[in-house]
Amino acid sequence: MTADGFTYAEVGATRDGLRPEGYRHLRERTRVGQGPDALRAAVDAVVGLRMHRALPVRLLASGPRAEPGVDVEVTVGAGPLRLRAPCRVVWTRRDERGGGFGYGTLPGHAMSGEESFAVDMDDTGAVWLTVTSFSRPATAAGRLAGPFGPLLQRLYARGCGLVLRRLVRRGRG
């Protein structure tokens, strides 16, 4: 554990596009809209945590937006089958080409690593959400998930893209 309480050493690696050794890597890219209005709506939804709140999960956050130091906990399931995923935002970005954030795992998370949610507009004006992560099992539950762990992570990343596309189309980014 790091001095800041993270369960991995490579804090901030997703911001720099690094792929640390010893982890599973994921990169899922979804087109969510077209043009500057879609870009603004998508960035606002991601950084404002509305994308996460629109997913079929429970989200608790210590702040209204993703900012470094904000604790975020995603919970899925109920009762004894409930899985908690405590994280802390390690970086945010907002500029003329897009924005997003990355969060890292804290004790109690089944995995150890980092995940980022970045929105960018390419040269054609297409707006994309890219979910990037590196992770490895950190608990017995994470190890028991075996090959289902990466599958669930990919489904979660795809769900983020679908939800964000819907929010942008409705103009509620």
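This is a predicted model: local features need pLDDT of at least 70, side-chain atom pairs count only at pLDDT 80 or more; totals for chains, interfaces and linings use all residues.
Biologist: What span does helix H4 reach from its first C-alpha to its last?

Modeller: Compare the span with the one expected at 1.5 Å a residue. H4 covers residues 148-169, 22 residues in total, and reaches 31 Å, close to the expected 32 Å. Just after H4, Gly 171 takes a positive phi of about 75°.

Biologist: Which residues of H4 are buried?

Modeller: Buried here is a cut-off, under 20% relative accessible area. In H4 the buried residues include Gly 149, Tyr 156, Ala 157, Gly 159, Cys 160 and Gly 161. Val 163, Leu 164, Leu 167 and Val 168 are buried as well.

Biologist: How much space lies in the largest pocket, and which residues lie nearest its centre?

Modeller: Read the volume, then the lining. The largest pocket holds about 760 Å³ of space. Its lining has 29 residues, with Ala 85, His 109, Leu 152, Gln 153 and Tyr 156 nearest the centre. Elements giving two or more residues to this lining include strands S3 (71-76) and S4 (83-95), as well as helix H3 (140-145). H4 gives the most, six residues. By class, the lining has 17 nonpolar, nine polar and three charged residues.

Biologist: What lines the second largest pocket?

Modeller: Among the lining residues are Arg 15, Asp 16, Arg 19, Arg 27 and Asp 120. S6 and S7 are the elements that give two or more residues, and S6 gives the most, with three. This lining divides into two nonpolar, five polar and five charged residues.

Terms used. Residues are numbered from 1 along each chain as its sequence is written. Side-chain values use heavy atoms; hydrogens and water are left out. Helices (H or I, at least four residues) and strands (E, at least two) are DSSP runs, numbered from the N terminus. The expected span of a helix is 1.5 Å times one less than its number of residues. Buried means under 20% relative accessible area, exposed over 50%, partly exposed in between (1.4 Å probe, protein chains only). On a 1 Å grid over the protein atoms alone, a cavity is a set of points where a 1.4 Å probe fits but cannot get out, and a pocket is an open set with protein on both sides within 12 Å along at least five of seven lines; lining residues have an atom within 4 Å of a point. Grid points are joined across faces, edges and corners, and a volume is the space filled by probe spheres set on the points. Ala, Val, Leu, Ile, Met, Phe, Trp, Tyr, Cys and Pro count as nonpolar, Asp, Glu, Lys and Arg as charged, and the others, Gly among them, as polar.
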